[in-house]
Amino acid sequence: MPIASPSEISREVDRAFFLVGGAGVLLLLGITATMIFFVLKYRRDRVTRTSQVEGHLLLEITWIVIPTIIVIWFFFVGYRGFGMMRAVPEDAMEVRVTGRQWSWSFYYPEEKVSAAEMVVPVNMPVKVSLTAPPDDVLHSFYIPDFRVKEDVIPGRDTYLWFASERTGVFNIFCAEFCGKDHAKMITRLRVVSEDEYRHWLRSMIMKRFKPLEYQAVTDPRHPAFGPEDLNIDAKTIYATYCASCHGVNGDGSGLPGLARSFVTAQDWKHSPKVTDIYRTLMEGIAGTQMRAYPDFTPWERVALAHYVRSFHATPPPADTEEDYNALVAAYELDKIQGPGDRISIEAAMEALLREAEADP
Ligand SMILES: [Cu+2]
């Protein structure tokens, strides 16, 4: 039982829980004590004759009326909490959540940002719109600390909401057994200050729409990767998506003999240049377990390529400007469009940033 409830709803749920649970415990103790008392009081060697009670109106009314009142009281306490859970405040921000076998993904419709974790500002009501692709299975979106849980149904829309009164990191679980890796449907909910949230949003927007630069391809310490700018944490991305096969230390220990070691480029199909690793991440390697990762942004792919190269025992070859230009041409990286089509990337970024920075 986590300490200090973080929201109004969670306190309301706890209240109902302790009321019903407490009443259950009291009844158990009371009935057990009475039973033991009667067993002793009326045991056979003390009482040989029993009295027959044919009916007792007052007693019957009492044991009907009192429990009825208690149960109605339970109902109202539960109903009040339920009402609270269903009544999304008007000023709530929306986060769209999709549950798939076996991960959650988050989309911020106002800013058109997708993310693998949920980040929200403190004290802000958040409406969580839930769905799953039509060909997926049932899931259930559950944030235990906030005592909110809702079924996620393929092809249908459901919702829940919460507002956190304190910052912190909370677990998001799937609470509906949904197949082999059900247990891995765990994600983080980060509740952060208003400022930190804006900063996070800005870096998420930039990560998608900021044009890639040649300097970033040659320099792993390019400031755009760092927490001050795009906030790309290649180590965490690697640990999440790659380490299971390639090993945390890049030694290929995850899947013996199959996934490549990153200490050398021996047996690699492409060179360990940043642009070549970028291609591998775009397209995967056909016929092997190395799949494509189309959801990464260009900056993330480059950061990840630098991280992979950092395992190399000897410094891997550098990319030339021609390599970079070929990559830009191959994936039309110069044509990345902002969300509203037909406006320039600069204009889209401007608009998005203004939107994100506007006071709620
Ligand atoms: Cu699930």
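Helices (H or I, at least four residues) and strands (E, at least two) are DSSP runs, numbered from the N terminus. Residues are numbered from 1 along each chain as its sequence is written. The model is predicted: local features need pLDDT of at least 70, side-chain atom pairs count only at pLDDT 80 or more, and totals for chains, interfaces and linings use all residues.

**Exercise 1.** Determine how helices α1 and α2 are arranged.

Solution. Step one: the axes of α1 (residues 8–41) and α2 (residues 57–86) come within 9 Å and cross at roughly 160°. Axes are lines fitted to C-alpha atoms, for helices over the stretch in contact, and angles run from 0 to 180 degrees between N-to-C directions. Step two: α1 and α2 are therefore roughly antiparallel (over 145 degrees; under 35 is roughly parallel, 65 to 115 roughly perpendicular, the rest oblique). Step three: residues of α1 including Ile9, Val13 and Leu19 meet residues of α2 including Ile70, Phe74 and Met84.

**Exercise 2.** Work out the order of the open sheet and the pairing within it.

Solution. Step one: 5 strands lie in the order β4-β10-β9-β6-β7, with mixed pairing; two strands pair if DSSP finds at least two bridges between them. Step two: β4 (118–121) and β7 are at the edges with a single partner strand each, so one side of each has no neighbour in the sheet. Step three: neighbouring strands are turned by 20° against each other on average, direction ignored. Step four: β4 runs parallel to β10 (residues 187–192), joined by 4 bridges, and Met118 has Leu189 as its bridge partner in β10. Step five: β6 (residues 139–143) and β7 (residues 148–152) pair in the antiparallel sense over 5 bridges, and Phe141 has Glu150 as its bridge partner in β7. Step six: the hairpin of β6 and β7 has 4 residues between the strands, and Arg147 takes a positive phi near 55° there.

Terms used: Contact = placed C-beta atoms within 7 Å.
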